[in-house]
Every structure is written in C-alpha cells, then in structure tokens.
Amino acid sequence: MFHFFAESSQMSLEDKTLTITGSDYNHIANVLRMKVGEELSVSLRDSEDGKEYRYGIEEITEDTVICKLRFIKEDGLELPSKVYLFQGLPKADKMELIIQKCVELGVYQVIPVSTKRSIVKLDEKKAESKIKRWQSISEAAAKQSKRRIIPEVSKPVTMKQAVEMAKEMDVRLIPYELAEGMDKTREIINSIEPGQSVAIFIGPEGGFDDKEIELCRENGIEPITLGKRILRTETAGFTVLAWLGFHLDI
C-alpha cells in the first residue's frame, strides 16, 4: 500500500474526505496510475498524532484526487523515544544515504554538524539548497517506510552549538574508537527507557578531533564503542539506530 503525507487543511471533518493536488496528485494519477476504489494510507504532515488514516479513492479529476476516509489506525509505528542524529558533515553524497537509511530506521531529527575534520564546508546559499534536497530525501524515505512523521533535517550547526542542543536530551552518546569495551556499551543501551530522548554524535571521515571528544565528555556526552572494527561515518549512525530500534521497538 502506498503512503502519503497531507496537511490537516486537506481533510474535511464534515464529510470525511481528503483532497489531493499538486505533486502527490501527479504521483497517484500519472505515475502509480491508481484507480477509483483503491486504498492509500495517509499521515499528517503538520501533526505528530501517530495515527494512520486509511482512505479509498472516490474520484480522480484532471487535477485532483478525492478520497473518502475508511478507518483510522491508532497504533503508531514510531519509536517510543525520539532519536536525534548529530551527523558530522561527510564528503560527496554520503549525507543523502545517511538521511535515507536513518529515517527508515526511525530517527526523529537529523542535525548536520560542521566539525574540525569536516572536509565539506557549506556557506548559507549552499546550505539552503542542500537542506531542501535533504528534506525531500527524508520525506521520500518516510513515505517508503510508512513513518507517521517526516523527520526534520535542520540547518548545519557548529560542534559547540550541537553540544548545547544535546543538553536538553536525556541520553547523549558518542561512538569513539578509544571508548570502553562492548559490555559497557550494552549496559548503556540497555539502560535507555522508552520515552527518553537520545542524542547520537557521529563524526565525519577521520572522526572527531580530540578537543571535540573532550568537549563532549565535559558536557555529559558518553563515549561508547561500536565494536572491534572501525566503521565508516555512513555506517556508524545506522548501527546505533539499529541497536536502539532492537532495544526500544517493543
């Protein structure tokens, strides 16, 4: 079943209809070639109510798809904890892969971080263009994985700004090759409870600078190990999110 996101304003509470226009109309009518009577699932773009709205297609006009509400699924598919990925800016198009897969794995928000070892430097104009592209990738991944929300990809921040943002979160983790063994990591992961917010710091190629690690330690961000093998920046975030999903997604 195909999944879409809609604004509350597109829904009519009076007659329980949904009106779809624009790019989603084109996707439904011309790309997917869906027919009257077929069913689609919808989540609200401007809400985090966790509900899935099931609609049947009632009519397809030249520029509009009109759907009728069939039922609402209350059981949410989101992780019981909000996971924030503070991702050091990587080279080339790696950020696109990171966003896509982390959204599939349940991340709540992706915050790009400019670190000392980040090769990519984004000025304001480039950042605006990149964020627009990254957000569209987040939305596509959310549709594919039938997420109830579209995770936000924020503007890039400095390492100091990222550390300040993370202070509001309950659990703060930073994978680091010199951290204690896996027993300690398992203990930390297993201690996380549903409902707690989690910050994950992932370095760019080359990892974090020693001073950045020290800054994190001083602000309560706990180093963990990801095992005996050194993972690429685009793999490290997937690994932690998969662990958290296995632990929390009950």
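Reader: How many aromatic pairs does the count come to?

Author: The count comes to 2 aromatic pairs. Keep in mind that this is a predicted model.

Reader: Ok, what kind of pair do Tyr84 and Tyr108 form?

Author: Tyr84 and Tyr108 pair edge-to-face, with 65° between the planes and 5.4 Å centre to centre.

Reader: Where do those two lie?

Author: Tyr84 is in strand S7, residues 83-88, while Tyr108 is in the loop between helix H2 (94-105) and strand S8 (109-114). The two are 24 residues apart in sequence, so the pair ties those parts together.

Reader: Is Tyr84 buried or exposed?

Author: Tyr84 is buried, because its relative accessibility is 14% and the cut-off for buried is under 20%. Tyr108 is buried as well, at 18%.

Reader: And what about Phe86 and Phe201, stacked or edge-to-face?

Author: Phe86 and Phe201 are stacked, with 5° between the planes and 4.6 Å centre to centre. Phe86 sits in strand S7 and Phe201 in strand S12 (residues 198-202), and this pair links parts of the chain 115 residues apart. Phe86 is buried at 0% relative accessibility, and Phe201 is buried at 1%.

Reader: New topic. Which residues of helix H5 are buried?

Author: In H5, residues 182-191, the buried ones are Thr185, Ile188 and Ile189. They span an arc of only 95° around the axis, so they are on the same side of H5.

Reader: What does the face turned away from that side carry?

Author: That face of H5 carries Asp183, Glu187 and Asn190, which are exposed.

Reader: And what covers the buried residues of H5?

Author: The cover includes helix H7 (233-248), strand S11 (171-175) and strand S13 (222-224).

Technical notes
Residues are numbered from 1 along each chain as its sequence is written. This is a predicted model: local features need pLDDT of at least 70, side-chain atom pairs count only at pLDDT 80 or more; totals for chains, interfaces and linings use all residues. Side-chain values use heavy atoms; hydrogens and water are left out. Rings of Phe, Tyr and Trp (its six-membered ring) pair if their centres lie within 6.5 Å; planes under 30 degrees apart count as stacked, over 60 as edge-to-face and the rest as tilted. Helices (H or I, at least four residues) and strands (E, at least two) are DSSP runs, numbered from the N terminus. Buried means under 20% relative accessible area, exposed over 50%, partly exposed in between (1.4 Å probe, protein chains only). The arc is that of the directions from the helix axis to the C-beta atoms. Contact means heavy atoms within 4.5 Å.
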